[in-house]
Amino acid sequence: MIITRDAIQLNPAFPFLIMEQTLYEKDNREDSFHWHSYCEITYIRKGCGYYFVNGEKYTVQEKDLIIFNNVEPHGWWVREERMEVVVMIFSAEFISMPLTTFDHDYLRPFIARGSNFRNKIGADDEFAGQIASIVQDISLEWKSAGVGYRLMIKSQVLRILTLLIRHYQRCETEKQEEMLLCDKDKSMKRIETALYYINSHFTEKISLEEAAAAACMSPTYFSAYFKSVTHYGFSEYVTRLRLKKVKELEQNTDLSIFQIAMDCGFSNMSNFYRLNKKYGDSSVRAQTE
């Protein structure tokens with residue numbers, strides 16, 4: 001792999017440049033990368049190809065955006081003969097001279113990158129169209145060089161950077177939500193394992209610690225999560241299972257209420273009567289009072 005530094009020099013008084021380029025398939029070099037000392041936003045105006053950066057291969061097509069910071073070696077590979085792009089580059093000093101803490105926030109998409117970061121922003125992204133439109137407006141301003149064009153360009157670049165911040169913040173939120181759902185799904189699968197264990201052993205002496213171990217959770221976490229899922233505390237859930245079984249056996253066997261209560265996991269009749277009065281139904285209670 002050949003990595004070279006881009007030779008473009010920006011004007012220190014206004015360190016910004018925007019240019020329209022046509023990249024040709026005949027010039028493709030898979031092992032050729034370059035880096036530069038400025039930030040870059042590239043808009044794919046026509047054609048398709050690939051961009052390579054940080055070990056990632058991004059497929060790009062019309063209306064996609066690619067961004068690079070000032071230390072990322074990158075390269076491209078054109079498909080279908082040619083690819084037309086609009087390349088916008090600027091230094092950190094372009095945002096503010098000298099750079100202040102407030103203005104530094106604008107560069108977050110290029111500096112503070114989370115696990116959600118991707119160099120490509122696809123055309124289907126809600127911010128891609130807005131950013132692409134601004135890039136093209138900037139290109140017109142640059143060509144016309146009308147009165148105040150530098151002020152206009154800078155304000156539009158800041159708007160793009162703000163949209164990039166929103167894009168990556170939204171991606172981070174979506175990533176966190178996805179991870180939360182994944183964690184919740186895993187927890188639910190563990191609860192299902194615990195429920196199977198409880199439903200198979202509720203007539204025995206069963207403890208919260210045993211059920212939590214079946215779910216591979218700490219007793220405290222299991223207790224809270226179990227209640228959020230079933231809307232019952234662990235003890236109440238087990239008691240209701242036992243009382244349901246009592247009613248079933250009472251209706252379908254000739255066993256005494258004492259024998260049924262003992263077989264269903266109650267330790268003594270006093271405990272059974274108390275819990276049946278609290279959680280049981282009137283039909284069973286009427287027969288036990």
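Author: A residue counts as buried when its relative accessible area is under 20%, as exposed when that area is over 50%, and as partly exposed in between. The structure discussed here is a predicted model.

Reader: Why do Glu-80 and Glu-81 get the class they have?

Author: Glu-80 has a relative accessible area of 62%, which is over 50%, so this residue is exposed. Glu-81 stands at 49% relative accessibility, a value between the 20% and 50% limits, so Glu-81 counts as partly exposed. Glu-80 is found in strand 7, and Glu-81 lies in strand 7 as well. Concerning the backbone, Glu-80 has a positive phi of about 60° although it is not a glycine, and Glu-81, also not a glycine, has a positive phi of about 80°.

Reader: What makes Thr-59 buried, exposed or partly exposed?

Author: At 40% relative accessibility, Thr-59 falls between the 20% and 50% limits, and therefore it counts as partly exposed. Thr-59 is found in strand 5, residues 56–61, and its C-alpha atom is separated by 7.6 Å from that of Cys-48, which is 11 residues apart from it along the chain.

Reader: Why are Asn-69 and Asp-125, both with polar side chains by name, given the class they have?

Author: Asn-69 has a relative accessibility of 9%, which is under 20%, so Asn-69 counts as buried. Its place is in the loop between strand 6 (65–68) and strand 7 (74–90), and its C-alpha atom is separated by 9.7 Å from that of Ile-89. Asp-125 has a relative accessible area of 13%, again under 20%, so Asp-125 is buried. This residue is found in the loop between strand 8 (120–121) and helix 4 (128–144).

Reader: What makes the pair formed by the side chain of Asp-125 and the backbone nitrogen of Phe-127 a polar contact?

Author: A polar atom of the Asp-125 side chain lies 2.8 Å from the backbone nitrogen of Phe-127.

Reader: How do you know which residues of helix 10 line a face of it?

Author: The buried residues of helix 10 (residues 269–279) are Met-269, Asn-271, Phe-272, Leu-275, Asn-276 and Tyr-279. Seen down the helix axis, these buried residues fall within an arc of 150°, and therefore they line one face of helix 10. An α-helix has 3.6 residues a turn, so residues three or four places apart point the same way. On the other side of helix 10, Ser-270, Arg-274, Lys-277 and Lys-278 are exposed.

Reader: What makes Asn-268 a cap, and at which end of helix 10?

Author: Asn-268 caps the N-terminal end of helix 10, where a side-chain oxygen of Asn-268 lies 3.2 Å from the backbone nitrogen of Ser-270.

Reader: How much space lies in the largest pocket, and which elements give two or more residues to its lining?

Author: The largest pocket holds about 280 Å³ of space. Of the 14 residues that line the largest pocket, the closest to its centre are Ile-206, Val-238, Thr-239, Arg-242 and Gly-265. Helix 8 (234–252) and helix 10 are the elements that give two or more residues to this lining, and helix 8 gives the most, with five residues. By class, the lining has five nonpolar, six polar and three charged residues.

Reader: How many disulfides does a search of the whole structure find, and why are Cys-216 and Cys-264 classed as they are?

Author: The search finds zero disulfides, that is, no pair of cysteine sulfur atoms within 2.5 Å. Cys-216 has a relative accessible area of 59%, which is over 50%, so Cys-216 is exposed. Cys-264 has a relative accessible area of 0%, which is under 20%, so Cys-264 is buried.

Key:
Residues are numbered from 1 along each chain as its sequence is written. This is a predicted model: local features need pLDDT of at least 70, side-chain atom pairs count only at pLDDT 80 or more; totals for chains, interfaces and linings use all residues. Side-chain values use heavy atoms; hydrogens and water are left out. Buried means under 20% relative accessible area, exposed over 50%, partly exposed in between (1.4 Å probe, protein chains only). Helices (H or I, at least four residues) and strands (E, at least two) are DSSP runs, numbered from the N terminus. The arc is that of the directions from the helix axis to the C-beta atoms. A polar contact is a pair of N or O atoms within 3.5 Å; within protein, one must be able to donate a hydrogen and the other to accept it, and residues adjacent in sequence count only if both atoms are side-chain atoms. On a 1 Å grid over the protein atoms alone, a cavity is a set of points where a 1.4 Å probe fits but cannot get out, and a pocket is an open set with protein on both sides within 12 Å along at least five of seven lines; lining residues have an atom within 4 Å of a point. Grid points are joined across faces, edges and corners, and a volume is the space filled by probe spheres set on the points. Ala, Val, Leu, Ile, Met, Phe, Trp, Tyr, Cys and Pro count as nonpolar, Asp, Glu, Lys and Arg as charged, and the others, Gly among them, as polar.
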